Structure formats: C-alpha cells, structure tokens
Amino acid sequence: MVPTKSDPKWGKFMGSLATIQVTDLSTRMMLNRLKMRVSFDHSEAARQKAIGEAYDFFLKNQANLKDDIKQIFG
Amino acid sequence: MKSMMTVPQAAELIRSGKKLLIAGDEALLAALPQGEWIGGTIPYFMSEDGGLFTREQVQVVPLPDFVSIGEIKLYDINNLAQIPADYQSNGFAYAIVPAFSEAHQKFSQDCMNWPGVFDRPLVGWIAGIDLKDAGKVTPKVFNGRSGQASATEAVVMHANLPLQMFAKANIINLFRPGKGDSISFPTSGFEATERLINGKTLNFAEYVESLKIDPQLPLVADYMGAMVNVSFQSVDVSAGKVAFYAPVFPGVEYRIAEPVNDYAAQFDENLSARNVSPVFTCNCILNYLYAKLEGKKTGNIVGPITFGEIAYMLLNQTLVYLTFETR
C-alpha cells in the first residue's frame with residue numbers, strides 16, 4: 001500500500017533514501033535519481049518534489065512493485 | 001523456430017501479421033516489407049548456436065500474439081523526452097537508437113531525468129555497424145510500419161499487454177566495483193579530463209595510464225543495488241582525455257571493475273540462478289569482443305550484440321532482458 005503524501009512514512013523514506021534495499025530495476029533507478037537530486041539540493045522544495053515523484057511512481061506501479069513497496073513502507 | 005533467418009523467411013513472418021523485433025545488416029532490413037516490426041542495424045548476434053557475425057541473415061524475435069502494438073514512432077532530439085508520455089497503460093517501450101547520432105548523445109545524457117521514464121519498462125539497444133566499416137557507414141533504425149529508416153532519430157515501439165500481465169526490465173552485469181579508488185566527475189559527459197579521485201583532483205588520463213588500468217574493465221557505479229557500467233573508449237594521455245561509450249554523471253561514485261574470469265561460464269551460472277525466459281535480450285559488443293564470444297553460447301540467450309544497451313538508461317558491457325510476468 002502506498003502511503004498518502006502526508007504520511008510520516010515519507011519522512012522516514014527520505015531519511016533512509018541512501019540505504020533502502022529494493023529489487024526491481026525501475027525502483028532502483030528511480031530511487032537513485034532522487035538520491036542524486038537531493039544530494040545536490042538540500043532544500044525543502046527539493047525534498048517535497050522527490051516525495052511527489054516517488055509517490056506518483058509507486059502509485060502508478062503498485063500492482064507490479066508489491067515487494068519493493070512492502071520493503072520500503074512495511 | 002531459430003532466430004536467425006533469411007530476408008524471405010522474415011518477410012513471410014511480417015506478411016503473416018506477426019509483431020517482430022528485427023536486427024541485421026542495413027541492406028537486409030531495407031529489403032523487408034512494411035508491417036508490424038521495428039529494426040536496427042547490427043551484424044553481430046548471439047544466436048542459438050553461439051556468438052555470430054553475419055551480413056547474410058537477420059535476427060527476428062516474434063512477440064507473443066497477446067502483445068498489442070500502439071505507436072511505432074521516430075523521435076528526434078527535440079521530442080525524445082516525449083517517449084514516456086507515449087508509454088502504453090500496461091506495456092513496455094522498445095527503443096533502438098543509432099550509434100554516434102545526436103539522438104544517442106541526447107538520450108544517454110538526459111533520459112534519467114525525463115518525467116515518468118521509470119513508469120513502464122523502457123528497453124532496447126544502440127544500433128551499430130560492422131566494426132570494419134567504422135567511419136564509412138552510419139547505423140540505422142527502421143520503423144517497419146511506416147517503412148521509414150533513420151540514421152539520426154530513435155525508433156520506439158510502444159507495446160501493451162493484457163491486464164493480468166506486466167512487463168519487467170532487468171539486467172545481468174557480471175562486473176562489480178573493485179576495491180580501488182573512488183572516482184567521481186563534476187559534470188556529465190562522454191569525455192573526462194580532470195576528475196576527483198578519493199577527493200583529490202587529478203588528470204584522469206594520466207591516472208589511468210599511471211595505474212596501468214585495463215581499459216577493458218569498465219567504471220562501475222552502484223545505483224541502489226543495480227550495477228551500472230561506463231566503458232572506456234580511449235585513453236589519450238597527450239590530450240589528457242578519456243573517452244567513454246556512455247556518459248558519466250556528477251554525484252555518482254565510480255570504481256574500476258574487478259576482472260571477470262571466464263565471462264561465458266559466469267554468465268551461464270548467473271542466468272541459471274535467475275530461472276527466467278526472456279522475451280527479448282541484447283548484450284554488448286564489448287563483452288562479445290573482450291570475452292571472445294564468437295562461436296560461444298551464453299546460456300539459452302539470443303539477441304543482438306549491440307553498441308550500447310538500454311534499460312531505462314544507456315548501459316555498457318551489460319545484458320538487458322525483458323520478461324513478461326503474471327500478476
């Protein structure tokens with residue numbers, strides 16, 4: 001289940017972005033993109049944009065990425 | 001049915017309405033009739049009988065009947081970023097990009113930042129040529145539906161699957177980051193001059209030369225567990241430049257790969273452990289050359305040997321494969 005954007009799980013997600021372990025190639029590459037972006041831009045706007053992108057990605061692919069979503073959000 | 005076939009055999013499949021992924025010499029692809037196919041030039045293949053060079057046959061991968069094809073479209077550098085917007089609702093996109101073209105450069109530098117690029121599997125390859133023709137012949141891609149060929153644009157087949165299925169892109173990369181220095185790059189690009197190595201700025205060409213680094217070993221970066229290679233094209237110490245077959249990116253930590261002993265055997269082992277039956281695969285011309293794969297089999301894998309592999313982004317020295325899964 002993908003948490004709503006206001007769920008505190010997204011804060012934990014961003015805090016552990018560098019060490020999240022997932023298996024799907026698309027998830028790995030998407031998370032790597034976010035990790036690179038927020039490493040260059042530490043602003044709250046960049047953080048919120050990253051959450052928005054991840055939320056959209058998981059929502060569109062939740063039927064195919066059940067294992068990765070469970071691994072990240074429980 | 002074996003994947004390697006003559007032009008008349010491939011033409012018969014096209015006329016029968018099959019949906020096909022085709023690779024081969026330009027003259028052979030140009031002789032095929034219009035239909036539901038997409039193609040790119042290359043004379044190197046992994047066939048059922050092993051690695052093969054031929055300009056007499058094409059390699060044909062038929063898609064299952066349950067696959068429906070949406071658009072087959074050419075994209076120039078101005079609309080490449082629209083590829084994800086054209087993704088089918090439950091499908092995959094299969095792209096072929098001509099090597100050495102502006103589309104090749106643009107795709108490889110920008111695709112990671114396209115909105116929605118990871119929303120559906122994007123797989124494919126970089127079309128190439130007989131290495132003996134380097135500088136004389138340009139790689140081409142073909143839109144079989146329209147009959148168009150291009151040396152400057154990417155061609156993409158947007159395919160859809162039944163709702164109970166989904167497509168999945170994956171890679172097999174036998175290279176792992178070595179225990180050597182951490183290498184990073186301040187800007188993206190296919191060339192490197194000054195680079196940060198363990199935090200110190202050094203000339204990268206001199207560094208490679210001084211450590212006698214084997215240029216057959218790629219730079220490897222860990223993308224959240226996915227190992228992504230950037231292969232060396234040339235090292236020019238006098239000009240102080242190193243050229244790569246894919247761009248390096250700032251903010252990514254690279255290391256020179258550990259050597260791979262007996263690529264074919266390790267590949268078989270890796271593939272067997274996965275227990276997959278790919279719909280499509282492609283492998284890199286550098287693996288073909290460096291691991292001397294001509295005549296050798298790599299598991300039951302068949303597909304073009306390419307000038308670059310695409311799994312969302314441009315990869316080097318990597319096997320890309322696409323599978324269909326059931327929900």
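Reply: With 15 C-beta neighbours inside 10 Å, A:Ala46 counts as partly exposed, because buried takes 20 or more other C-beta atoms within 10 Å, exposed takes 12 or fewer, and partly exposed lies in between, with C-beta atoms placed from the backbone. The model is predicted: local features need pLDDT of at least 70, side-chain atom pairs count only at pLDDT 80 or more, and totals for chains, interfaces and linings use all residues. Residues are numbered from 1 along each chain as its sequence is written, and chains are lettered from A and ligands numbered from 1 in the order in which they are written.

A:Ala46 sits in helix H3 of chain A, residues 44–60; helices (H or I, at least four residues) and strands (E, at least two) are DSSP runs, numbered from the N terminus. Leaving out residues up to four places away in sequence, A:Ala46 touches A:Arg37, A:Val38 and A:Asp41, where contact means C-beta atoms, placed from the backbone, within 7 Å. The C-alpha atoms of A:Ala46 and A:Leu34 are 9.3 Å apart, at a separation of 12 residues along the chain.

Between the chains, 19 residues of chain A are in contact with 18 residues of chain B. Strand E13 of chain B (residues 165–172) gives the largest share of the chain B side, 4 residues. That side has 13 nonpolar, 3 polar and 2 charged residues; Ala, Val, Leu, Ile, Met, Phe, Trp, Tyr, Cys and Pro count as nonpolar, Asp, Glu, Lys and Arg as charged, and the others, Gly among them, as polar.

Notes
Contact = placed C-beta atoms within 7 Å.
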